[in-house]
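Okay, everyone, let's get going.

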Amino acid sequence: MGGDGDVDRLLASIDRRVGQDLPAWPGGWPGQIEAALFDAVFSMQARYGGSTTGVRAVVARWRDHRGGQVDDLAELAAADPEAVADIVRNRAKASRRLKAAIVVEAAGALANAGLIHAADFTGHPDQRRAYLSVRGSGPVTWTYFGMLLGVSGVKADTWIVRFVRDAVGRSVTPTEAEALVSAAAAELSVPDSQLDHAIWQAARSSARRSR
């Protein structure tokens with residue numbers, strides 16, 4: 001990570017482009033590990049959408065299918081990926097694989113590592129390694145998965161990295177962007193997830209206005 005100068009430049013950009021009245025972090029899916037996993041995986045290079053579109057619609061359809069009982073990765077791991085894709089009505093791909101297949105395989109890998117219910121999530125390296133062992137699952141969505149379960153963090157996706165890059169005036173890696181946003185959140189005395197969400201919203205809104 002860069003020095004204090006990078007943090008100061010990021011704080012100045014946040015003040016200018018985001019403002020001081022930060023929107024609340026939506027809260028994710030605490031206690032609903034299946035919903036969190038669907039959200040994390042299907043959000044890759046996708047529009048988050050509203051309550052009936054995009055990633056939200058995918059999660060809603062799975063929750064409806066399961067009668068709202070979505071806290072068992074062992075159950076999800078036993079599902080057929082093609083059937084899951086049909087249930088959520090989404091055949092999007094990542095790493096040339098159905099995202100539904102990534103979800104099911106990740107559920108199995110995590111269940112084998114002892115992470116079955118939301119209460120089992122600790123962020124332990126063994127859990128992280130299990131998730132990353134699945135082709136199409138990466139460190140950014142692993143962090144986001146934890147955030148969706150209630151662990152404050154920074155999802156250093158394209159929008160966050162771009163915002164930080166523009167603020168500090170140089171290229172940054174996702175790891176650097178995550179560290180800088182976390183440092184800025186500490187300076188502002190707000191949770192990492194809240195600042196992440198505010199920056200993400202501002203970056204997306206700015207991109208839409210410039211089209």
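When I say buried, I mean under 20% relative accessible area, exposed is over 50%, and partly exposed is whatever falls in between. With that in hand, Arg-9 counts as partly exposed, because its relative accessibility is 41%. And one thing to keep in mind throughout: what you're looking at is a predicted model.

So, salt bridges. How many salt bridges does the count come to? The count comes to 9. I'll go through a few of them.

Let's stay with Arg-9. Arg-9 makes a salt bridge with Asp-6, and the closest N and O atoms are 2.8 Å apart. Both of these residues sit in helix H1, which covers residues 4-17, and they're 3 residues apart, so about one turn of the helix. Now, is Asp-6 buried or exposed? Asp-6 comes out at 5% relative accessibility, so it counts as buried.

Next one: Arg-129 and Asp-126. Their side chains meet in a salt bridge at 2.3 Å, N to O. Here the spacing is again 3 residues, this time in helix H7, residues 125-132, so the two are separated by about one helical turn. Arg-129 is exposed, with a relative accessible area of 51%, while Asp-126 is partly exposed at 39%. If you're wondering about that label on Arg-129, the cut-off for exposed is over 50%, and 51% is what puts Arg-129 there.

And one more pair, Arg-91 with Asp-86. In this salt bridge the closest N and O atoms are 3.6 Å apart. The cut-off for calling something a salt bridge is within 4 Å, so the pair counts at that 3.6 Å. Arg-91 is partly exposed, with a relative accessible area of 44%, and Asp-86 is exposed at 53%.

Okay, back to H7, now for its buried side. Which residues in H7 are buried? Gln-127, Ala-130 and Tyr-131 are. Looking down the axis of H7, those buried residues fall within an arc of 95 degrees, so they line one face of the helix. As for what sits over them, the cover includes helix H2 (33-42), helix H6 (99-112) and helix H8 (139-148).

You'll find Ser-133 in the loop between H7 and H8, and it's exposed, with a relative accessible area of 53%. From Ser-133 to Leu-180 you go 47 residues in sequence, and in space they're 27 Å apart, C-alpha to C-alpha.

On to helix packing. In general, two packed helices are described by the angle between their axes and the distance between the axes. Take helix H3, residues 54-65, and helix H5, residues 81-88: they pack at an angle of about 110 degrees, and their axes are 8 Å apart. The range for roughly perpendicular is 65 to 115 degrees, which is why H3 and H5 are roughly perpendicular to each other. On the H3 side, Val-58, Arg-61, Trp-62 and His-65 meet Val-84, Ile-87 and Val-88 of H5. By class, that contact has 5 nonpolar, 1 polar and 1 charged residues.

Now the backbone, for those of you who like checking phi. Ser-95 has a phi near 55 degrees, which is a positive value in a residue other than glycine. Where is Ser-95? Ser-95 is in the loop between strand S1 (93-94) and strand S2 (97-98). Arg-96 lies in the loop between S1 and S2 as well, and Arg-96 also has a positive phi, about 60 degrees, although it is not a glycine. On accessibility, Ser-95 is partly exposed at 42%, whereas Arg-96 is exposed at 81%.

Last stop, Gln-194. Gln-194 is in helix H11, residues 192-209. With a relative accessible area of 19%, Gln-194 counts as buried; remember that the cut-off is under 20%. What is Gln-194 in contact with, leaving aside its neighbours within four places in sequence? The contacts are Leu-22, Pro-23, Ala-24 and Trp-25.

That's my tour; happy to go back to any part of it.

Technical notes
Residues are numbered from 1 along each chain as its sequence is written. This is a predicted model: local features need pLDDT of at least 70, side-chain atom pairs count only at pLDDT 80 or more; totals for chains, interfaces and linings use all residues. Side-chain values use heavy atoms; hydrogens and water are left out. Helices (H or I, at least four residues) and strands (E, at least two) are DSSP runs, numbered from the N terminus. Buried means under 20% relative accessible area, exposed over 50%, partly exposed in between (1.4 Å probe, protein chains only). The arc is that of the directions from the helix axis to the C-beta atoms. Contact means heavy atoms within 4.5 Å. Axes are lines fitted to C-alpha atoms, for helices over the stretch in contact, and angles run from 0 to 180 degrees between N-to-C directions. Angles under 35 degrees count as roughly parallel, over 145 as roughly antiparallel, 65 to 115 as roughly perpendicular and the rest as oblique. Ala, Val, Leu, Ile, Met, Phe, Trp, Tyr, Cys and Pro count as nonpolar, Asp, Glu, Lys and Arg as charged, and the others, Gly among them, as polar.
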